[in-house]
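Me: Please pick one part of this model and take me through it closely. Then put it in the context of whatever surrounds it.

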Amino acid sequence: MFHKLLLTAAAIAASTVTVSAETIRWARAGDSITMDPHAQNEGATHALAHQIYDTLLQRDMSGSIIPSLALNWEALADNPNIWRLKLREGVTFHDGSAFDSEDVVFSLNRAMADGSEMKELLSSVKDVRAFDALTVDIETNGANPLLVNNLTNMFMMDKGWATANDVLTPHDVAKNETNFATMNTNGTGAFVLVSRSVDEKTVLTANPNYWGKDIYPNKVTDIIYTPIQSAATRVAALLSGEVDIIQDVPVQDLNRVSSTDGLAVATAAQNRVVFFGLDTVEGPTSNLKVRQAMNIAINRDAIKKIVMREQSDPTGVIMPPFVNGWTEELNQYPDYNVDAAKALMSEAGFANGFDITLNCPNDRYVNDEAICQAAVGMMARIGVNVTLDAKPKAQHFPIAKGGDADFYMLGWGVPTFDSHYIFNYLVHTQTDKRGSWNPTGYSNADVDAMIVSLESETNLAARDATIAKIWAAVQDAQMYLPIHNQVLNWGMKSNINFDVQPEDQPHFQFLTFN
Amino acid sequence: MNRFLDSDFFHDFLRAPVALISFCVVLILILSAVFAQFIAPTNPFDPASLELMNGFTPPLEANMFTGEVFLLGTDDQGRDLFSAILYGLRISLFVGLMAVTLAMVLGVMLGLIAGYVGGWLDNLIMRLADIQMTFPSILIAMLIFGVARGLLPPELRYEMAITVLIISIGLSEWVPFARTVRGSTMVEKEKEYIAAARLIGLNRWQIMIRHILPNVLGPVLVIATITFALAIIAEATLSFLGVGAPRTEPSLGTLIRVGQDYLFSGEWWILLFPALTLLALALAVNLLGDWLRDTLNPRLK
């Protein structure tokens with residue numbers, strides 16, 4: 001018996017020794033939804049994909065665009081409808097095959113295919129052509145000066161690998177489809193996928209043939225990624241040293257973590273807005289007055305003070321301040337006014353209220369479920385009897401996106417830093433190419449036309465004027481009830497040097513140790 | 001009544017301080033749950049009455065925004081914890097009681113049939129029981145809960161949450177009842193009064209229900225008491241795991257789950273008071289069950 005105990009102790013000791021200083025144990029509330037880099041346009045999914053796959057361009061910490069797989073890019077002088085991108089030489093995928101322009105053509109077409117959630121980012125693209133082995137031409141419908149902004153989350157896959165494994169198109173997550181790429185990867189990124197167990201643990205190891213070896217610090221040799229949904233368990237894991245970095249320190253535990261020796265919290269405003277969406281076609285919420293009533297029934301200041309403990313910026317528009325088109329006026333949120341809201345409900349013919357279900361994620365945004373619960377109470381005061389249905393995001397998103405939800409929570413980050421991205425996903429009528437995250441039923445032909453016109457407007461002043469017009473229409477329609485912009489709080493060991501990225505996308509090749 | 005007051009059972013009860021105290025604790029908890037709406041200062045299930053700004057008020061301290069004072073403090077949504085515990089206790093007790101009743105009816109019936117009829121039916125029922133015994137009952141409850149949730153249309157899911165809880169816990173706890181009743185039935189059915197009943201032409205059901213059942217109920221009551229405590233814990237566990245009572249209508253387990261998130265940040269009361277209540281309830285019922293078992297078992301005297 002004693003012998004056995006000794007053996008166990010030795011085994012435990014051995015397993016702790018193998019975790020060297022260069023291994024980063026990384027945790028956050030929810031897991032990546034799929035490893036297919038085009039199937040889901042979602043922050044946590046991209047965060048893992050960014051370690052394995054590369055994009056043509058990337059943003060540095062200040063938000064400006066810098067080279068990644070593309071070394072330089074320019075719109076042709078004689079034809080501004082064509083962007084010409086020069087690719088990096090000598091890049092190989094994890095399986096050893098070379099990266100060239102055919103892979104770019106394939107990946108961009110794949111990202112525009114059915115089932116892709118990235119297609120709105122490429123809705124202005126007419127054609128993608130290989131000019132030579134290391135040059136790619138992207139032709140747009142009309143000159144699109146901002147196209148390159150849309151490529152920072154556009155991951156590059158290997159054409160040969162995708163063909164061999166029959167993953168020529170992304171799988172549709174909302175339809176519960178999967179394919180080989182859901183669990184397997186072949187990227188050019190700094191890390192190679194070693195093993196993955198969904199919602200449990202994903203192990204990555206440094207790519208020995210990484211093209212950025214001499215460009216970035218590359219101090220991290222292995223990554224162990226563990227989703228921990230419970231806030232208390234996540235903090236306990238950081239406090240006990242079981243993990244090295246958590247991307248979402250619960251707001252109630254900020255003091256506890258930052259006052260602990262050996263731990264630090266890095267804080268930054270996040271490029272992400274959290275809001276509720278409403279069905280504008282059926283049910284009581286199809287009445288504009290009801291939507292307006294619900295908007296002023298939300299006590300945003302109380303949510304900030306109690307639920308978010310000051311770690312949020314309440315807003316009146318579904319746009320973070322990082323985004324082109326943001327103004328102080330739009331950001332003004334209405335006063336919380338129960339009486340006015342009740343009056344609007346009476347005018348709308350719902351003096352006695354109505355029943356509705358609120359679909360809410362419980363592992364995606366900071367205190368998402370608690371915000372929804374608070375909203376249940378606030379809605380009850382104006383007679384709206386809300387049933388709260390909180391679920392993990394993997395189940396929530398298909399419901400929210402599918403159009404079955406009457407009242408749902410969503411958060412939106414804006415990687416392009418431009419309003420067009422919000423419009424194309426959340427405001428445009430839901431069609432094959434655009435509006436995939438607009439299940440509200442809101443559809444306005446004039447607004448749709450203005451959104452499309454943004455893609456080929458070269459006069460930036462005229463473009464900004466159109467953006468302002470579209471925002472005015474969105475604010476009038478009130479299909480969304482903005483709540484706040486999030487604040488990022490990354491908790492980590494104090495020997496780690498890692499800047500908080502405003503899109504909440506850690507790139508571990510940049511991490512260094514003190 | 002006089003017969004009861006003169007009985008050995010009551011006499012023993014008065015001499016057993018543990019049983020007396022446990023009984024009082026259970027009685028107080030049951031009464032406060034039953035009369036919750038008269039005792040509780042607020043209705044925690046009415047979302048319109050919640051004031052978010054009251055959130056995280058410590059016990060007996062004035063809230064810094066609203067100035068309101070709460071006996072046991074408030075939770076993250078400004079819900080008065082004292083009221084929430086009383087209402088939560090009601091859910092816990094109700095689910096426990098109904099689940100035990102379901103398990104008891106099911107287990108006793110199956111046990112009677114298995115023991116009296118015997119043969120392949122006995123084999124079938126007892127092998128089913130054996131199979132179920134190999135899985136922890138909380139796992140079975142979660143399985144049934146998950147399947148039921150999947151089958152129900154979404155709009156019914158929350159209305160049915162409590163019913164589904166009762167069924168899933170009830171179905172996972174029938175085995176001990178069936179086993180005990182089967183054993184006692186097999187002993188009883190060989191006795192002369194059963195032979196007599198058979199001779200005068202009573203059918204199987206009449207014999208099982210009217211003659212055997214009353215004679216095998218003693219141990220069933222003991223098991224029922226212990227299973228009641230198990231069912232309360234099972235409900236709390238399911239709710240703690242987030243698959244039981246919804247957060248807008250919290251049971252004790254849901255309150256503990258909420259409180260857990262705020263333990264590190266020093267808001268200890270959200271976890272502590274519901275946990276203490278659950279502890280007191282489960283412990284008292286268990287001690288009462290143990291005492292019942294010892295008292296009703298002549299061999300231990």
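Reply: Reading along chain B, you get α-α-α-α-α-α-α-α-α-α-α-α-α-α. That's 14 helices and zero strands, where helices (H or I, at least four residues) and strands (E, at least two) are DSSP runs numbered from the N terminus. A quick caveat: this is a predicted model, in which local features need pLDDT of at least 70 and side-chain atom pairs count only at pLDDT 80 or more, while totals for chains, interfaces and linings use all residues. As for labels, residues are numbered from 1 along each chain as its sequence is written, and chains are lettered from A and ligands numbered from 1 in the order in which they are written.

The C-alpha atoms of chain B fill a box of roughly 80 × 50 × 30 Å along the principal axes. Of the 301 residues in chain B, 44% are buried (20 or more other C-beta atoms within 10 Å of a residue's own; 12 or fewer is exposed, in between is partly exposed, and C-beta atoms are placed from the backbone). Take the contacts in chain B with a separation of 6 or more, and 68% of them join residues 24 or more positions apart; a contact here means C-beta atoms, placed from the backbone, within 7 Å.

The part I'd zoom in on is H14(B) and its partners. Helix H12 (residues 204-240) of chain B and helix H14 (residues 269-296) of chain B have axes that come within 9 Å and cross at roughly 165°. The axes are lines fitted to C-alpha atoms, for helices over the stretch in contact, with angles from 0 to 180 degrees between N-to-C directions. H12(B) and H14(B) are therefore roughly antiparallel (over 145 degrees; under 35 is roughly parallel, 65 to 115 roughly perpendicular, and the rest oblique). H12(B) passes H14(B) in a left-handed crossing, meaning that the near helix is turned anticlockwise from the far one by less than a right angle; clockwise would be right-handed.

Who touches whom? On the H12(B) side the list includes B:Gly218, B:Leu221, B:Val222, B:Thr225 and B:Ile226, and on the H14(B) side B:Leu278, B:Leu281, B:Ala282, B:Val285 and B:Asn286 are among the residues. By class, this H12(B)–H14(B) contact has 15 nonpolar, four polar and one charged residues. For the classes, Ala, Val, Leu, Ile, Met, Phe, Trp, Tyr, Cys and Pro count as nonpolar, Asp, Glu, Lys and Arg as charged, and the others, Gly among them, as polar. An α-helix has 3.6 residues a turn, so residues three or four places apart point the same way.

H14(B) has another partner in helix H13 (residues 252-260) of chain B, where the axes come within 8 Å and cross at roughly 150°. That makes H13(B) roughly antiparallel to H14(B), and their crossing is left-handed. H13(B) brings B:Leu252, B:Leu255, B:Ile256, B:Val258, B:Gly259 and B:Gln260, and H14(B) answers with B:Ile270, B:Leu271, B:Pro274, B:Ala275, B:Thr277 and B:Leu278. The tally for H13(B) with H14(B) is nine nonpolar, three polar and no charged residues. B:Leu278 turns up in the H12(B) contact and in the H13(B) contact.

Now for the neighbour. Chain B and chain A each put 21 residues into their contact, and the chain B side divides into 12 nonpolar, five polar and four charged. Chain A is split into domain 1 (2-261 + 494-513) and domain 2 (269-487), bounds that come from an automatic or database domain assignment.

A:Asn359 sits in S14 of chain A and counts as buried, with 25 C-beta neighbours inside 10 Å. Beyond four places in sequence, the contacts of A:Asn359 include A:His396, A:Ile399 and A:Ala400. After H12(A) comes A:Gly403, with a positive phi near 90°.

Key. Two residues are in contact if their C-beta atoms, placed from the backbone, lie within 7 Å.
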